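My entries follow in the order in which I looked things up.

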Amino acid sequence: MFHTKLKEMRQKKGLTQKQMAEILSMATNAYQRYELGTSEPNMLKLLKLSVILDVSLDELLCRDEFLAEHADGH
């Protein structure tokens, strides 16, 4: 899931939730909701997150995992 992946990637980069929120110009509790899965970022925030974390949007959004779970043999 996105929120789990986001937390893992942030921790791998050695960033705190507060630092992420500051970089994204948002309140810490608003960022925390992303990691809790109670809120989702808009497209601009997704793009910023991918740059900050140095990952593709596909990786950030767990595209490979989604496709594997929903493969129908085609």
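Which residues have the most contacts inside the largest nonpolar core? Before answering, I noted that this is a predicted model, in which local features need pLDDT of at least 70 and side-chain atom pairs count only at pLDDT 80 or more, while totals for chains, interfaces and linings use all residues. Residues are numbered from 1 along each chain as its sequence is written, and side-chain values use heavy atoms, with hydrogens and water left out.

**Entry: the core.** I found that the largest nonpolar core has 17 residues, and that Leu6, Met20, Met26, Tyr31, Leu49, Leu53 and Leu60 have the most contacts inside it. A nonpolar core is here a set of buried Ala, Val, Leu, Ile, Met, Phe, Trp, Tyr and Cys residues joined through side-chain atoms within 4.5 Å; buried means under 20% relative accessible area, exposed over 50%, and partly exposed in between, with a 1.4 Å probe and protein chains only. At least two core residues come from each of helix 1 (2–13), helix 2 (17–23), helix 3 (28–36) and helix 4 (43–53), and helix 4 gives the most, with 4 residues. Helices (H or I, at least four residues) and strands (E, at least two) are DSSP runs numbered from the N terminus. In soluble globular proteins, nonpolar side chains tend to be buried together.

**Entry: Met26.** Not counting residues up to four places away in sequence, I saw Met26 touch Ala21, Tyr31, Tyr34 and Lys45, where contact means heavy atoms within 4.5 Å.

**Entry: helix 3.** I listed Ala30, Tyr31, Tyr34 and Glu35 as buried in helix 3. These residues lie on the same side of helix 3, because they cover an arc of only 150° around the axis, the arc being that of the directions from the helix axis to the C-beta atoms. Helix 1, helix 2 and helix 4 are included in what covers them. Just after helix 3, I noted that Gly37 takes a positive phi of about 80°.

**Entry: Arg10.** Is Arg10 buried or exposed? It is in helix 1 and counts as buried, at 7% relative accessibility. Leaving aside neighbours within four places in sequence, I found Arg10 in contact with Leu15, Thr16, Gln17, Met20, Tyr31, Glu35 and Leu53.

Entry: Ser25, in the loop between helix 2 and helix 3, has a positive phi of about 55°, and it counts as exposed at 65% relative accessibility. Asp54, in the loop between helix 4 and helix 5 (57–60), has a phi near 55° and is exposed, with a relative accessible area of 63%.

**Entry: the whole chain.** I counted 6 helices and 0 strands. The C-alpha atoms fill a box of roughly 45 × 25 × 20 Å along the principal axes, and buried residues make up 32% of the 74 residues. Among contacts between residues at least 6 apart in sequence, 55% join residues at least 24 apart.
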